[in-house]
There are 4 protein chains.
Amino acid sequence: MNIIKDTDHILLMYDRKRKWLLKVRQGENFATHKGIVYFDDIIGKQYGTCIFTKPQGFKMRVFKPLPSDFILKMGRTTQILYPEDCGLILMYTGIGPGSLVLEAGTGSGALTCILGNYVKPNGHIFSYDIREKSLKQAKKNIQKAKLENVVSIEYGDILKDVEHSDLDSVVLDLATPWLAIKRVKNFLKLSGTFASFSPTIEQVKKTVVALEGEEFYDINTFELIKRRIIVKENATRPTTRMIGHTGYLTFARRIQEIENPYQAKKPEKAEKVDLSDLSDIIKL
Amino acid sequence: MNIIKDTDHILLMYDRKRKWLLKVRQGENFATHKGIVYFDDIIGKQYGTCIFTKPQGFKMRVFKPLPSDFILKMGRTTQILYPEDCGLILMYTGIGPGSLVLEAGTGSGALTCILGNYVKPNGHIFSYDIREKSLKQAKKNIQKAKLENVVSIEYGDILKDVEHSDLDSVVLDLATPWLAIKRVKNFLKLSGTFASFSPTIEQVKKTVVALEGEEFYDINTFELIKRRIIVKENATRPTTRMIGHTGYLTFARRIQEIENPYQAKKPEKAEKVDLSDLSDIIKL
Amino acid sequence: MNIIKDTDHILLMYDRKRKWLLKVRQGENFATHKGIVYFDDIIGKQYGTCIFTKPQGFKMRVFKPLPSDFILKMGRTTQILYPEDCGLILMYTGIGPGSLVLEAGTGSGALTCILGNYVKPNGHIFSYDIREKSLKQAKKNIQKAKLENVVSIEYGDILKDVEHSDLDSVVLDLATPWLAIKRVKNFLKLSGTFASFSPTIEQVKKTVVALEGEEFYDINTFELIKRRIIVKENATRPTTRMIGHTGYLTFARRIQEIENPYQAKKPEKAEKVDLSDLSDIIKL
Amino acid sequence: MNIIKDTDHILLMYDRKRKWLLKVRQGENFATHKGIVYFDDIIGKQYGTCIFTKPQGFKMRVFKPLPSDFILKMGRTTQILYPEDCGLILMYTGIGPGSLVLEAGTGSGALTCILGNYVKPNGHIFSYDIREKSLKQAKKNIQKAKLENVVSIEYGDILKDVEHSDLDSVVLDLATPWLAIKRVKNFLKLSGTFASFSPTIEQVKKTVVALEGEEFYDINTFELIKRRIIVKENATRPTTRMIGHTGYLTFARRIQEIENPYQAKKPEKAEKVDLSDLSDIIKL
């Protein structure tokens with residue numbers, strides 16, 4: 001249903017830069033610099049409507065929040081993944097309906113909410129953090145998003161005391177993801193997927209080396225650069241300022257190694273370090 | 001379950017550049033330049049296993065296909081969206097469990113498969129194309145992916161004869177998306193989302209102008225640049241060659257316009273064309 | 001000589017974000033929020049020295065200004081080219097020692113200074129603008145840079161009343177560069193080069209169409225994205241925020257068309273619009 | 001003069017992908033797959049002319065080579081800097097008329113030619129390499145470019161036996177640039193500039209650490225991404241394939257350290273590793 005009810009989430013939007021992720025509460029209001037928004041004016045209307053602040057009468061749009069809104073608007077205690085990063089995680093982990101997923105650390109719970117939404121109705125996100133502040137905030141966000149049935153958020157240090165098995169995917173947003181590789185390997189079913197988000201190249205290197213040392217394969221590191229294009233009748237161009245770097249995403253698949261009964265030749269390396277291959281493309 | 005059965009999909013992988021999306025069929029085999037893969041060697045094993053070609057004994061990995069594999073490996077009749085584009089569509093349209101979605105055109109059905117997987121179990125993708133070849137191929141791909149229950153693929157020209165209402169999202173991959181805006185607006189519920197993929201800036205401009213002329217809001221155009229990072233002990237760097245451009249993604253939300261009873265001031269423009277704002281950031 | 005004299009230019013640098021392009025003047029000083037810099041403390045020292053503010057004693061570095069400093073620190077009245085754009089102009093126009101160059105518009109004179117420096121000692125930059133404020137500021141900047149012998153800055157509208165011939169290069173930083181193509185074509189010697197900087201894609205399109213309609217060849221449009229890498233012992237990564245777009249640079253070479261006495265076949269098109277060529281590189 | 005003479009360089013161009021950097025020689029010819037080009041048809045004509053192959057009569061353009069042509073067309077024995085990289089080196093080193101510059105290694109001599117051209121008439125490029133093949137090829141290229149007066153190319157290992165002083169700039173294109181920092185520091189005059197090109201991040205890190213340990217300041221690492229824009233009436237877009245990474249450029253300025261007689265407070269760090277500063281820009 002498209003009707004806004006008490007306790008529903010909305011995205012309230014004045015313009016591109018001024019928007020808020022809110023929980024509608026009967027009898028209450030939200031004060032902006034453009035006037036007051038009374039939730040009773042919203043309840044019973046459809047998402048997509050507009051209302052007017054009192055007493056100034058500024059127009060505000062009311063939308064059903066999207067994953068991109070959750071990611072960018074949830075209270076953050078830590079650095080964040082952007083919508084494009086979360087989307088890529090879905091594509092390269094295969095997290096979807098029914099997936100059983102471990103996430104560490106939870107952070108603000110923004111990615112947790114996204115993943116939780118996509119594993120419905122039979123999947124589950126087991127999310128861990130060791131920061132009390134994050135746990136508290138994330139639990140609140142999960143409740144707001146009404147995902148308690150598919151997401152559990154708990155205190156836990158995956159480097160030490162968490163135990164799982166037969167998971168479809170493991171998603172790490174940790175300062176030291178490489179230390180967790182050996183343990184999370186055993187949490188994953190075969191062909192299960194691994195994803196790790198790290199802002200620095202040193203973290204990426206250690207993580208990739210750790211993955212190569214365990215039963216992981218098809219290890220890939222990507223970085224996404226998102227540009228917004230300003231479209232105007234006679235002035236179309238990318239934005240002048242942009243976020244140049246959010247972080248690197250490293251993916252891998254859990255494998256089972258089997259001794260080669262044929263004593264086969266090893267596959268030749270697909271990629272070499274030297275750049276001689278460049279020669280054929282530089283035709284100016 | 002993680003056991004590979006007859007008619008299941010697998011990703012067979014020799015190395016980064018040599019991998020195939022296959023349907024396992026009892027009694028049959030798949031010939032590669034590295035030897036023959038017998039499906040009976042695979043059936044009954046777990047995803048994540050490895051097998052050996054006959055007679056040479058080259059090792060091949062067997063994975064459960066991911067969305068990224070579907071996107072990049074499905075037979076293509078047209079230009080394609082990449083995994084990062086598909087992920088961004090999910091994040092900015094909110095397509096998820098239960099969503100009712102119109103897609104046009106179907107193309108190879110790769111995006112259709114992705115979307116179909118994420119609306120399970122109660123959502124539905126209504127996908128249309130006017131190219132018989134695409135329809136045929138896409139239908140085959142949907143069957144392979146066992147998504148017939150959540151995806152319907154039909155001949156239809158959304159510029160003319162398709163009718164829908166109360167959809168959550170409309171996703172266009174058309175040569176002339178702007179011509180469809182007026183019609184698809186009425187297919188969407190309020191706060192419903194619109195996405196369009198176009199390789200050229202002219203398509204983007206016409207689409208944005210058309211959206212601005214109808215009841216759409218929060219119109220955004222993005223482009224994603226994905227770089228793969230080669231991680232080596234002493235030679236970490238982005239790949240020399242890359243895909244520099246796949247296309248632009250334009251998103252919007254369906255709104256309901258209401259006359260302002262307060263005769264409020266119009267919101268001031270959030271963004272201006274002039275670049276004077278640059279001055280404060282250029283501190284060298 | 002490396003000794004700083006009265007009236008010389010210096011780059012005074014406190015840290016990455018606080019630096020100033022100054023003219024040293026005997027007996028005078030420069031006040032910063034970190035204390036006063038007395039020029040008499042600098043005169044007679046070598047570039048590369050450091051001095052200390054009075055009375056606080058903060059350390060300030062004193063450098064010989066580089067082209068990149070000029071570009072980023074000269075008073076700007078208009079949007080700007082960045083160092084990377086200026087460098088690319090040199091590479092694709094061939095402007096160098098002895099070149100005769102027309103520039104329009106002058107703007108702040110930053111690019112004018114760069115070009116003036118590189119055509120020394122026998123070349124010349126003829127720079128025009130129709131904005132009195134720009135002319136005034138640019139003239140001041142040229143004097144500061146002691147380039148009066150190789151640069152002349154004058155009021156002039158190249159769409160109408162400026163006349164030149166046998167120039168090596170024409171460099172445009174105009175709002176409507178396409179209107180100038182027909183005229184500047186005749187200013188250029190054969191094989192002479194054309195460069196135009198424009199922030200929007202609409203300007204680029206009109207300029208390219210105009211170039212294609214005149215005797216120009218090898219028309220190329222580029223955009224440069226510069227990322228700064230923060231190098232830290234354990235936290236190396238691109239900067240989070242960056243300038244995502246400065247503008248597009250379009251280059252072309254002046255040709256002489258000659259009727260083909262052989263009635264030769266036309267060269268086949270090197271590039272096609274369709275993207276079918278993609279198929280061979282998408283090997284996942 | 002614009003007339004092509006015996007032994008002059010030309011860029012012969014059939015289309016975007018087929019062009020050649022050639023030395024015109026009286027009585028000789030150049031065979032292409034489109035027919036034979038007789039140099040005697042070219043000598044005496046102006047740069048910018050076109051000629052026709054024999055016997056087929058295909059049209060070929062004849063241009064004066066630009067720095068960008070030299071960079072992309074000179075025989076390469078090693079990985080290369082691109083025109084945008086060379087342009088950035090000029091802007092951030094200040095290499096220009098009269099500059100005294102050390103370059104190591106010489107490679108194909110492409111960058112050497114560019115730099116040599118810009119230090120004319122009174123500057124000099126001292127270029128060293130330890131690879132005999134590079135030296136041979138580079139010497140040939142310098143002769144072709146008629147730059148023997150401003151460029152000297154010699155066998156020399158700057159890690160050991162080369163000696164210089166009072167140079168304006170040092171430009172390194174070495175596998176292990178960090179090993180050279182201590183020595184080249186003494187080659188530079190105060191406020192002299194350092195540039196190093198490296199394809200991998202590990203090289204960059206070691207180089208930056210070495211620079212920080214010596215009397216260098218204002219250390220910056222950049223990477224340039226160049227996109228070509230295909231401009232078509234109704235199909236304008238960046239090229240699908242592009243060079244995603246050439247290398248990183250690290251710049252620094254030579255300083256003189258002086259003890260602070262005021263025992264001043266140390267300047268606070270301009271940049272911190274933590275990303276908390278992000279919070280204020282993520283206003284969606």
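**View 1. Val62(A), in E6(A), is the bridge partner of Leu12(A).** The model shown here is predicted: local features need pLDDT of at least 70, side-chain atom pairs count only at pLDDT 80 or more, and totals for chains, interfaces and linings use all residues. Residues are numbered from 1 along each chain as its sequence is written, chains are lettered from A and ligands numbered from 1 in the order in which they are written, and side-chain values use heavy atoms, with hydrogens and water left out. The Leu12(A) pair lies between strand E1 (residues 9-15) and strand E6 (residues 59-63) of chain A. These two strands run antiparallel and are joined by three bridges. Strands (E, at least two residues) and helices (H or I, at least four residues) are DSSP runs, numbered from the N terminus. Two strands pair if DSSP finds at least two bridges between them.

**View 2. A hairpin links E1(A) to E2(A).** Look for Leu11(A): its bridge partner in E2(A) is Leu21(A). In a regular strand, side chains alternate between the two faces of the sheet.

**View 3. Chain A holds an open sheet of four strands.** Their order is E2-E1-E6-E5, and the pairing is antiparallel. Which strands are the edge strands of chain A? They are E2 (18-23) and E5 (50-52), and each pairs on one side only. On average, neighbouring strands are turned by 30° against each other, direction ignored. Axes are lines fitted to C-alpha atoms, for helices over the stretch in contact; angles run from 0 to 180 degrees between N-to-C directions.

**View 4. Chain C has an open sheet with the strand order E2-E1-E6-E5.** Its four strands pair in the antiparallel sense. Why is one side of E2 (18-23) and of E5 (50-52) left without a neighbour in the sheet of chain C? Both strands stand at the edges with a single partner strand each, so one side of each has no neighbour in the sheet. The twist averages 30° from one strand to the next. E1 (residues 9-15) of chain C pairs with E2(C) over six bridges, in the antiparallel sense. Here Ile10(C) stands opposite Leu22(C).

**View 5. Chain A meets chain C through 23 residues on each side.** Contact means heavy atoms within 4.5 Å. The buried area is about 1,700 Å², and carbon and sulfur atoms give 50% of it. Buried area is the accessible area (1.4 Å probe) that two parts lose on being put together, summed over both. Glu202(A), Arg227(A) and His245(A) supply 26% of the area that chain A buries against chain C, more than any other three residues.

**View 6. Arg227(A) forms a salt bridge with Glu223(C).** Their side chains meet at 2.9 Å, N to O. A salt bridge is a side-chain nitrogen of Lys or Arg within 4 Å of a carboxyl oxygen of Asp or Glu. Between chains A and C the count is two salt bridges. There are also 17 residue pairs in polar contact, both residues at pLDDT 80 or more. A polar contact is a pair of N or O atoms within 3.5 Å; within protein, one must be able to donate a hydrogen and the other to accept it, and residues adjacent in sequence count only if both atoms are side-chain atoms. On the side of chain A that touches chain C, two or more residues each come from helix H6 (201-213), strand E12 (216-230), strand E13 (237-238) and strand E14 (241-243).

**View 7. E14(A) pairs with E14 (residues 241-243) of chain C.** The pairing is antiparallel, over three bridges. Ile243(A) has Arg241(C) as its bridge partner.

**View 8. Chain B and chain A each bring 103 residues to their contact.** The area buried between them is about 8,900 Å², with 58% from carbon and sulfur atoms. Ten salt bridges cross this interface: the rule finds 10. One side-chain pair that meets in a salt bridge is Glu257(B) with Lys59(A), at 2.8 Å, N to O. Strand E12 (residues 216-230) of chain B gives 14 residues, the largest share of the side of chain B that touches chain A.

**View 9. E12(A) and E12(B) run antiparallel.** Nine bridges join them. Ile225(A) stands opposite Ile225(B).
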